[in-house]
Amino acid sequence: MSEIPAKAPQGHIEVRSFSLSYDSIEGPVQAVTDTQIHVKPGEFVSIVGPSGCGKSTLLNAVAGFLKPTTGIVTVDGERVSGPSAERGMVFQQYSLFPWKTVRENVEFGLKMRGMPRSQRERAARTLLGLAGLEAFEKHYPEKLSGGMKQRVGIVRALATGPKVLLLDEPFGALDAQTRVIMQQILTNMWQRLKISVLFVTHDIDEAIFLSDRVYCMTARPGSIKAEIPIPLERPRQQSMMMSSEFLALRRGLMSLIREESLKAMGGEINDLGMRGLNIELHGQSLAEVL
Amino acid sequence: MSSPAILRHPEDSMPATAIAETGPEPVATPPSFGTLALRWYRLNRSGLRAIAIGITSLLAFLLVWHLLTTYRVVFFVRFTNVPSPLAVYASFIKAIHDPKFLMHIVLSCRRILVGFSLAAIIGVPLGLVMGRFKLVHEVIFPVAEVLRPIPAIAWVPMAIMLWPTNEQSIVYITFLGSFFPILVNTLHGMTLVDPVLVRAAQCLGARERSIFREVYFPASLPHIFTGLTVGMGVAWVSLIAAEMISGQYGIGYFTWEAYSLVQYADIALGMIAIGVLGLGSSLLIRGAGQLVMPWRAK
Ligand SMILES: Nc1ncnc2c1ncn2[C@@H]1O[C@H](COP(=O)(O)OP(=O)(O)O)[C@@H](O)[C@H]1O
Ligand SMILES: [Mg+2]
C-alpha cells in the first residue's frame, strides 16, 4: 500500500447540459439528451438504465473518447478534451493486451509515464499482491479466468493513480459467484484509494450494493430520470441484501427501470408497425400480449 | 459432532477467492520418470501416430516411384527417362562433394535472403503506416492494387532492362514476389486491431507513437507472420523462375541446365533441393514467429 501516496480527495466529475448525438446514414441519432450528473471526490456513483439508453455514451464522454454535442464535462474544474491517465477505465470485454503478461499489463500506464523498469516492476507486483494475483504475474491474459482478467483490468487502471475510475458493466460477463467477489474487491480498493468511481451497470442489486448514489436513466434518448441516494451503512455485507432497507430501494429502482424498459420496447414495437394493435404499455398487459 | 480432520473437504480451508477462481495451478509434487513418460505418451499419442503414418506414406511414395521408373511405365505419362530414386541418390552423393552444386545452393539462398529481407523491411512498415494513416493508404493503395496482380515472372524482361546486372534483376524479382503478400497481410492485420485496446492504451496515457508500438504493431504481428510465410513461398517460386530464365547460377539454373545437359537424375535432385530449401525457410519463419509471439504458444 505504501507505493500509492495518500492524497487529498480529488476527482470531482461534473457533466452539465450534456447531450450527444451520433451521425448515421439515417441522420443524427440522439443517444443522450439534457443530462446533468456529478460525482463528488471519493464518491461511488452508479448509472443504471435499460440497454441502449446511452450509459456507455455518457461514460465514454467522461473518459474523453467522445465529444459532447452540447454541454460540458469537467473533472476538478478542468474541461475533458480527450482520454488521459487521470481517468482510468475498465471495460466489459476486459481489453487486456494479449501480448503482454499480467504484470506488463499492469505496468503499462507507468511505462507510458516514463517510470524506470525496476521501479514499475516493484509497483506492479505490490498492486497485483493486493488483488491476490501475484502468482499469475508472468501469465498471459488468455490463460486467466474472466474474474482474474477483470481484476487485472481494475489493477491496471488504478496503477497510475487516476483521480477517477470509470467502469462500463465490468462484471457483466462474469458468473454470479465471481461477480460478488469482484464487487468486494472493487469496494476494498475504492475505500483504500479514496478515488471517485463512476460505475455503469444494468444490475440493480449491484448498483445499490456498491454505490453512495445511483442515477437512473430514461430510455433513449437517455437523460436522468431519477437520482437515488443509497444510505446503507458501510462496510456493506452480503447479508444487507436481504434487509428491508435494501429491498425497498430495490423495489423503487426496479419499477423505474421497468417503466423505461417498456418504453424502449414499446418504441421497437411501434417501429415494427404494430401500433395498430393498440398495446397498452403497462407492465402486465404488454407481457401478456407478447 | 465434530468430524475428524481427515474427512474435511480440502476446500474448507481455502480462501473464498481460491474456490471461485479456477486458473492454472502449480503442480504439487514432481511425478516419477516412468509416470511422466507414460503421460507424455498418452498426450502425444495422436501426434506419434501421425508421424508413423507420415513416414510410411513417404516410403510408399518412394516405392511407387522406384517401381514406375524401374519398369519404365508408359501410361499416358512416360517414365522412360525419369530417373529412379537410387539414381537420384547417387547424384546427390556426387553433388554434395561438388563445390559447384553447393555454390548454386548458396547463391539461391543469398538471393532469397536479400530479396525477401528487403520485401519485409519495406513491406511491413509500409503496411503499418498505410493502416494507420488514411492519406498514405489513399495514395499508395491504387498503385499497389494495379501492380499486385502482375506475377513476378512477368517482370523478368523489365527487370533485365531496369537493373545493370543479372544478379540484381533476379533479386528484384524475388523481392517483388514476396513484397505484395507481406504488404497486404500487414495492412489486413492493421484493419483488424481491436479499437477497445487502443482506447485502453489511450486512457493509460499512451500517445500516438506508443500506441503504434505497443498496440497496433503487436496486434498485427500474427497477420504480419502470415504475410511473411506466404511471401517466402512466393519468393522461392519467383526466384526459381527467374533463375531458369536468366540465371547462370542458382538451384533453378542447375535444374534447368541438367535438362539441357541430359543429366536426368540432376533434374530430380534440383527439384528436391528446391523443395527442402522452401520447407526449411518456412520452418524458420514459423520458429521466428513463435519466438516473437510467445503469448500465442499453446
Ligand atoms: N457509433 C454509433 N452510431 C450510431 N448510434 C450509436 C452508436 N453508438 C451507440 N449508438 C446508439 O446510441 C444509443 C446508446 O448507446 P449506448 O451508450 O451504447 O447504450 P447503453 O450503454 O446504455 O446500452 C443506442 O441506441 C445505440 O444504438
Ligand atoms: Mg453499454
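**Entry 1: where the chains meet.** I began with the interface and found 34 residues of chain A in contact with 25 residues of chain B; contact means heavy atoms within 4.5 Å. A note before going on: this is a predicted model, in which local features need pLDDT of at least 70 and side-chain atom pairs count only at pLDDT 80 or more, while totals for chains, interfaces and linings use all residues. Residues are numbered from 1 along each chain as its sequence is written, chains are lettered from A and ligands numbered from 1 in the order in which they are written, and side-chain values use heavy atoms, with hydrogens and water left out.

Next I looked up the area buried between chain A and chain B, which is about 2500 Å², with 69% from carbon and sulfur atoms. Buried area is the accessible area (1.4 Å probe) that two parts lose on being put together, summed over both. On the chain A side, Phe65(A), Trp99(A) and Met112(A) lose the most area to chain B, together 25% of what that side buries.

Entry 2: How many salt bridges cross between chain A and chain B? I found 2 salt bridges, a salt bridge being a side-chain nitrogen of Lys or Arg within 4 Å of a carboxyl oxygen of Asp or Glu. Lys100(A) and Glu214(B) form a salt bridge through their side chains, at 2.6 Å from N to O.

**Entry 3: inside chain B.** I then turned to domain 1 (33–77) and domain 2 (83–296) of chain B, whose bounds come from an automatic or database domain assignment. Their C-alpha centres lie 30 Å apart. The contact takes 4 residues from domain 1 of chain B and 7 residues from domain 2 of chain B. These two domains bury about 380 Å² between them, 80% of it on carbon and sulfur atoms. In domain 1 of chain B, Trp65(B), His66(B) and Thr69(B) lose the most area to domain 2, together 91% of what that side buries.

**Entry 4: ligand 1.** Which residues surround ligand 1? Among them are Tyr22(A), Lys55(A), Thr57(A) and Arg220(A), each with a heavy atom within 4 Å. An oxygen atom of ligand 1 is 2.5 Å from an N or O atom in the side chain of Thr57(A).

Methods:
A polar contact is a pair of N or O atoms within 3.5 Å; within protein, one must be able to donate a hydrogen and the other to accept it, and residues adjacent in sequence count only if both atoms are side-chain atoms.
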